[in-house]
Amino acid sequence: MSGRSYMLAARIPMPRSGFEGWLDAPLPAVEVIANPDAMWTGWAADGAAADWDLAELAEYPGAVQTLLEERRRTARELLAQRVPNGCVARHRDGALEIYLYDYHADSYRTRTELLMLAGAGRFADEGRHPVLHWGGNVYPDLPLAGDPPLSVLIVSRDGAAFTDRYPIEALIETLRPAEAAFLATFEGDGDAAPDLTGAVDPLLLP
């Protein structure tokens with residue numbers, strides 16, 4: 001699952017106080033997800049190994065150590081690494097909005113960020129809130145018509161679980177404002193630093 005681009009997007013309703021609490025809360029353990037091995041069941045990578053325990057990286061202990069250290073960080077620390085390269089990480093209209101894009105990366109970092117968003121459920125409004133995980137060769141947009149996501153994680157105050165069925169078109173429309181904010185950060189001079197105006201919460205700015 002390497003050599004392609006990976007994206008995460010979510011809109012999770014929560015109060016401002018919940019957003020701030022989530023930023024500094026430790027990431028939960030993998031057990032917060034009821035069915036971690038079902039990460040890709042029913043979606044584009046159906047049948048692929050989830051490898052939450054990093055067994056496939058056993059020959060690279062340095063990489064394993066780095067990934068485990070990432071899982072011990074807070075959302076604020078993880079997102080601070082993202083901000084200089086462009087992302088959406090904000091509290092807007094009563095919700096946490098996230099849009100993260102990794103160009104030609106591997107999917108292990110995405111697992112850490114799925115845990116980060118699973119942890120947001122504890123601070124969210126009541127309900128079941130979807131996190132979309134998808135990938136492609138280059139483009140950073142939301143999935144095109146007919147493109148299946150890699151997975152959908154449902155988060156709530158009680159934990160999280162992957163689902164192999166979700167109304168994707170409606171979810172994509174919900175995520176359009178975050179997509180637009182992300183794409184706007186790269187408008188203008190292609191060599192310029194991302195314009196984070198409106199895309200990143202002031203608490204995450206350098």
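**View 1. Helix 2 and helix 4 are roughly parallel to each other, since their angle falls in the class under 35 degrees.** In this predicted model, helix 2 covers residues 61–71 and helix 4 covers residues 108–120; helices here are DSSP runs of H or I with at least four residues, numbered from the N terminus. The two pack at an angle of about 20°, and their axes lie 10 Å apart. Axes are lines fitted to C-alpha atoms over the stretch in contact, with angles from 0 to 180 degrees between N-to-C directions.

**View 2. Here are the residues where helix 2 meets helix 4.** Helix 2 brings Leu67, Glu70 and Arg71 to the contact (heavy atoms within 4.5 Å). Helix 4 answers with Tyr108, Arg109, Thr112 and Leu115. Sorted by class, this contact has three nonpolar, one polar and three charged residues.

**View 3. Stepping back, the chain has five helices and six strands.** Strands are DSSP runs of E with at least two residues. Along the sequence, the pattern reads β-α-α-α-β-β-α-β-β-β-α. The C-alpha atoms fill a box of roughly 40 × 40 × 35 Å along the principal axes. Among contacts with a separation of 6 or more, 77% come from residues 24 or more positions apart.

**Notes for all views.** Residues are numbered from 1 along each chain as its sequence is written, and side-chain values use heavy atoms, leaving out hydrogens and water. Because the model is predicted, local features need pLDDT of at least 70 and side-chain atom pairs count only at pLDDT 80 or more, while totals for chains, interfaces and linings use all residues.

Terms used: Angles under 35 degrees count as roughly parallel, over 145 as roughly antiparallel, 65 to 115 as roughly perpendicular and the rest as oblique. Ala, Val, Leu, Ile, Met, Phe, Trp, Tyr, Cys and Pro count as nonpolar, Asp, Glu, Lys and Arg as charged, and the others, Gly among them, as polar.
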